[in-house]
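The points are grouped by topic.

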2 protein chains.
Amino acid sequence: MATTKTPRQELPNGTLEMLILKTISLGAMHGYGIAQHIQRVTDGVLSAEQGSLYPALERLLNKGHATAKWAQTPTGRQARFYAITASGRKQLAARVADYEQVSLAIGRLLEA
Amino acid sequence: MATTKTPRQELPNGTLEMLILKTISLGAMHGYGIAQHIQRVTDGVLSAEQGSLYPALERLLNKGHATAKWAQTPTGRQARFYAITASGRKQLAARVADYEQVSLAIGRLLEA
DNA sequence: CTTCATATGTAGATCATCTACCTATAGTCC
DNA sequence: GGACTATAGGTAGATGATCTACATATGAAG
């Protein structure tokens with residue numbers, strides 16, 4: 001049957017966009033690279049699966065928080081490079097502030 | 001239009017159950033009291049709305065993580081008091097561990 | 001007798017995330 | 001030539017907790 005425990009909802013809603021924005025704020029990157037970065041930095045704790053990643057990237061484009069252009073990777077492949085925009089940086093800052101506030105609040109509850 | 005910004009998804013999925021478990025781990029409490037506790041401790045940053053709270057309490061009952069019985073409040077009202085079970089404490093510990101791992105991972109990404 | 005705080009619940013919508021699938025190419029090994 | 005892996009981008013459909021809004025009831029206060 002291979003029922004696989006399926007660790008549902010590994011990432012809190014809205015967090016993926018924040019992590020993507022943060023990642024491309026360090027420099028333009030393609031989707032595959034973003035996924036690798038997230039996995040590498042978190043030692044595999046977090047992973048951006050394709051089914052979440054690409055829709056999230058599309059949302060960021062639609063909202064104007066990122067731009068994309070096709071270009072060659074160092075290894076000679078075509079890939080879509082995403083870059084953060086000014087509004088993306090604003091959004092990132094806002095999301096991080098929200099996240100930290102909620103995170104602090106949860107921390108306070110768990111300490112009690 | 002009154003489009004109301006509606007701060008969607010204030011609480012990450014699954015977190016509410018953890019916060020409820022934590023709250024009733026300090027002593028049996030009724031739903032209204034749980035909501036107040038969460039709001040008070042977090043200075044209003046977090047709030048467990050009825051539409052989220054009561055379904056979450058039902059889920060905890062169904063899973064055996066909590067038990068409930070009707071009793072009188074100090075002010076002479078009928079209320080349903082929820083108490084944590086042994087499996088609830090286990091679940092709480094597991095959730096907290098998960099939360100902290102993810103929290104750390106996100107922190108690492110945001111620091112970079 | 002009306003209003004407010006307390007107290008419990010339901011109905012329906014939202015929507016990001018997840019699993020699982022498909023396509024394509026460059027490089028390597030046989 | 002053929003098979004395979006890593007790289008790269010994407011879609012389809014399901015899930016399901018959370019949210020907004022509503023409905024109900026009662027004790028206390030004015």
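In chain B, 3 strands form an open sheet in the order β1-β3-β2, with antiparallel pairing. Two strands count as paired if DSSP finds at least two bridges between them; helices (H or I, at least four residues) and strands (E, at least two) are DSSP runs, numbered from the N terminus. This is a predicted model, in which local features need pLDDT of at least 70, side-chain atom pairs count only at pLDDT 80 or more, and totals for chains, interfaces and linings use all residues. Residues are numbered from 1 along each chain as its sequence is written, while chains are lettered from A and ligands numbered from 1 in the order in which they are written.

**The sheet of chain B**

- The edge strands of chain B are β1 (29-30) and β2 (66-72), each of which pairs on one side only.
- Strand β3 (residues 78-84) of chain B pairs with β2(B) in the antiparallel sense over 7 bridges.
- B:Lys69 has B:Phe81 of β3(B) as its bridge partner.
- Helix α1 (residues 15-24) of chain B packs on the sheet and touches β1, β2 and β3 of chain B. The direction of this helix makes about 95° with that of β3(B); axes are lines fitted to C-alpha atoms, for helices over the stretch in contact, and angles run from 0 to 180 degrees between N-to-C directions.

**Chain A as a whole**

- Chain A has 4 helices and 3 strands, which follow the pattern α-β-α-α-β-β-α along the sequence.
- The C-alpha atoms of chain A fill a box of roughly 55 × 45 × 25 Å along the principal axes.
- Of the 112 residues in chain A, 29% are buried (20 or more other C-beta atoms within 10 Å of the residue's own, with C-beta atoms placed from the backbone).

**How the two chains relate**

- Chain B superposes on chain A by a rotation of 180° with 0.0 Å of shift along its axis, at an RMSD of 0.1 Å. This is the relation of a two-fold axis.
- In chain B, B:Pro12 has the C-alpha nearest the axis, 2.4 Å from it.
- The superposition is by least squares on the C-alpha atoms of residues with pLDDT of at least 70 in both copies.

**Where the chains meet**

- 23 residues of chain B are in contact with 23 residues of chain A (C-beta atoms, placed from the backbone, within 7 Å).
- On the side of chain B that touches chain A, the elements giving two or more residues are α1, α2 and α4 (86-111) of chain B. The largest share, 9 residues, comes from α4(B).
- That side of chain B divides into 14 nonpolar, 7 polar and 2 charged residues. Ala, Val, Leu, Ile, Met, Phe, Trp, Tyr, Cys and Pro count as nonpolar, Asp, Glu, Lys and Arg as charged, and the others, Gly among them, as polar.
- The copies meet through the same surface, because 100% of the interface residues of chain B are also interface residues in chain A.

**Surfaces near the DNA strands**

- Around DNA strand D there are 33 residues, of which A:His30, A:Gly31, A:Ala79, B:Glu10 and B:Gly51 come nearest. A residue is near a strand if its C-beta atom, placed from the backbone, lies within 6 Å of it.
- α3(B) gives the most to the surface near DNA strand D, with 5 residues.
- Around DNA strand C there are 34 residues, and A:Glu10, A:Gly51, B:His30, B:Gly31 and B:Ala79 come nearest.
- α3(A) gives the largest share of the surface near DNA strand C, 5 residues.

Key
Two residues are in contact if their C-beta atoms, placed from the backbone, lie within 7 Å. A residue is buried if 20 or more other C-beta atoms lie within 10 Å of its own, exposed if 12 or fewer, and partly exposed in between; C-beta atoms are placed from the backbone.
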